[in-house]
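Please look at the sequence and the structure below before reading on. The report that follows starts with one part of the chain and then turns to the whole.

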Amino acid sequence: MSDDIPEDTADVVGVLTERIEAHFGMGMDQLRAAVAVAPAANPDATEVVKWHGHLVDSQAVLDRAEDDLLAALETQPSEVDDPTMGLAQRVNAAVTARDGRAQVVAWLLDPDAPGKKGLAAERLARLSRGARKGPAVPTSAPHRPAVAPASVPRAGRAVL
């Protein structure tokens, strides 16, 4: 699935944007505009545009976190303090979020990805067609009388 995206690439968003544009045969701006006009026309395109937006947002968060960390490191003496370690952890979390969203985009673009073929995919397709109208489980407690009727013996007591 993501084997064609090098791990050390600095431009994950750029690589995936190129793949999206090649897959749909149009630029991202055109694709976003087409999805905005008719989101139900191509559910795959709509989903890819949504996740590409999440990916772009997470890349921006990562860029800010990296900038903050670099600025803090430039002012540090030889030993890193706790606030700077917190910034490093923020960078790690941002990388994880960005990479997760990148994997979703790559999965959406891969027609042979796990879960897109076979029995699981057929079940998912049936569910997404709206076979059920209501919730899968009851959302309210069943109505029960406030007190048990006098004629019903209770468990553990002898009936006289």
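## Buried residues of helix α3

In this predicted model, the residues of α3 that count as buried are A45, V48, V49, H52, L55, S58, Q59, L62, A65, L69 and A72. The cover over these buried residues includes α1 (12-24), α2 (28-37) and α4 (82-109).

## Span and start of the helix

Helix α3 takes in residues 43-74, which makes 32 residues, and from its first C-alpha to its last it reaches 47 Å, close to the 46 Å expected at 1.5 Å a residue. At the N-terminal end of α3 the cap is N42, with a side-chain oxygen that lies 3.1 Å from the backbone nitrogen of D44.

## A closer look at S58

S58, which is found in helix α3, counts as buried because its relative accessibility is 4%, and buried means under 20%. A polar atom of the S58 side chain lies 2.9 Å from the backbone oxygen of L55. When residues up to four places away in sequence are not counted, S58 touches A97, R98 and R101.

## The chain as a whole

The protein chain has five helices and zero strands, and along the sequence these follow the pattern α-α-α-α-α. Of its 160 residues, 22% count as buried, while the accessible surface of the chain comes to about 11700 Å², with 57% of that belonging to carbon and sulfur atoms.

Among contacts between residues at least 6 apart in sequence, 56% join residues at least 24 apart.

Technical notes
Residues numbered from 1 in each chain as written. Predicted model: local features only at pLDDT ≥ 70, side-chain atom pairs only at ≥ 80, totals over all residues. Heavy atoms only, no water. Helix = DSSP H or I, 4+ residues; strand = E, 2+ residues; numbered from the N terminus. Buried < 20%, exposed > 50% of the residue type's maximum accessible area, 1.4 Å probe, protein only. Contact = heavy atoms within 4.5 Å. Areas by Shrake-Rupley, 256 points an atom, 1.4 Å probe, with all protein chains shown as cover. Expected span 1.5 Å × (residues − 1). Polar contact = N/O pair within 3.5 Å; in protein donor to acceptor, adjacent residues only side chain to side chain.
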